[in-house]
Amino acid sequence: MRLAMVGVAALVAAGCETAGEMPARSDRAQATFERALAGKTAGRAEKCLPLNRTRDMEKIDDTTLLFRDGRTTYVNTTLGACNGMGSQSYALVTRNIGPQLCRGDIATVTDMTSGITIGSCALGDFVPYRSAP
């Protein structure tokens with residue numbers, strides 16, 4: 001019994017190591033990401049972002065979202081990949097209980113034509129990038 005528990009623990013640990021690896025960003029997505037943050041400096045990560053700052057969102061790839069609010073661009077790297085999020089025919093849908101999006105909130109990827117949920121992921125921290133004054 002003890003040997004079986006050690007084996008299961010080893011499998012769980014191995015799964016956790018690979019779960020943290022994010023897929024490589026495509027050249028096109030990387031160029032878009034760099035262009036959006038050109039001349040901006042990263043600030044301290046924030047756990048939540050008020051909904052009024054989330055209206056201008058851009059999907060970079062299956063793990064990266066940009067939220068623009070005036071001169072500030074917030075980068076959110078999801079906790080795991082939202083498969084299909086980078087596709088133009090899918091939308092990212094969040095259900096909010098309060099007045100903000102927060103780390104750990106679940107977002108679903110939905111096919112806009114059929115309304116079928118394709119996948120889901122959890123939001124990460126919101127890192128603000130601001131232009132120098």
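**Entry 1: a bridge to start with**

Which residue in β9 is the bridge partner of Thr-110? I looked it up, and it is Thr-117. Before going on, I noted that this is a predicted model, where local features need pLDDT of at least 70, side-chain atom pairs count only at pLDDT 80 or more, and totals for chains, interfaces and linings use all residues. I also noted that residues are numbered from 1 along each chain as its sequence is written, and that side-chain values use heavy atoms, with hydrogens and water left out.

Back to the strands: β8 (residues 106–111) and β9 (residues 117–122) run antiparallel and are joined by five bridges. Two strands count as paired if DSSP finds at least two bridges between them. The hairpin of β8 and β9 has five residues between the strands, and Gly-115 takes a positive phi near 80° there.

**Entry 2: the whole chain**

I counted up the elements next: the chain has two helices and ten strands. Helices (H or I, at least four residues) and strands (E, at least two) are DSSP runs, numbered from the N terminus. Read along the sequence, the pattern is α-α-β-β-β-β-β-β-β-β-β-β.

Of the 133 residues in the chain, 30% are buried. Buried means under 20% relative accessible area, exposed over 50%, and partly exposed in between, using a 1.4 Å probe and protein chains only.

**Entry 3: the five-stranded sheet**

What is the strand order in the open sheet of five strands? I read it as β1-β10-β5-β4-β3, with antiparallel pairing. The edge strands are β1 (40–42) and β3 (56–61), and each pairs on one side only. From one strand to the next, the twist averages 25°.

Helix α2 (residues 27–37) packs on this sheet and touches β1, β3, β4, β5 and β10 (126–131). The direction of α2 makes about 140° with that of β3. Axes here are lines fitted to C-alpha atoms, for helices over the stretch in contact, and angles run from 0 to 180 degrees between N-to-C directions.

Then I went through the pairs. A hairpin joins β3 to β4 through two residues, and these strands pair in the antiparallel sense over five bridges. Asp-61 has Thr-64 as its bridge partner in β4. Strand β4 (residues 64–69) also pairs with β5 (residues 72–77), antiparallel, over six bridges. Leu-65 stands opposite Asn-76 in β5.

**Entry 4: the cores**

In soluble globular proteins, nonpolar side chains tend to be buried together. So where do they gather here? The largest nonpolar core has 13 residues, and Leu-65, Phe-67, Cys-82 and Phe-126 are among those with the most contacts inside it. A nonpolar core is a set of buried Ala, Val, Leu, Ile, Met, Phe, Trp, Tyr and Cys residues joined through side-chain atoms within 4.5 Å. Strands β4 and β8 each supply at least two residues of this core. A second, separate core of eight residues includes Leu-37, Ile-60, Leu-66 and Tyr-129.

Leaving aside neighbours within four places in sequence, Cys-82 is in contact (heavy atoms within 4.5 Å) with Asp-62, Leu-92, Ala-107, Val-109, Ser-120 and Cys-121.

Phe-67 and Phe-126 form a tilted pair, 5.8 Å centre to centre with 55° between the planes. Phe-67 lies in β4 and Phe-126 in β10, so the pair ties together parts that are 59 residues apart in sequence. Phe-67 counts as buried at 2% relative accessibility, and Phe-126 is buried at 0%.

Key:
Rings of Phe, Tyr and Trp (its six-membered ring) pair if their centres lie within 6.5 Å; planes under 30 degrees apart count as stacked, over 60 as edge-to-face and the rest as tilted.
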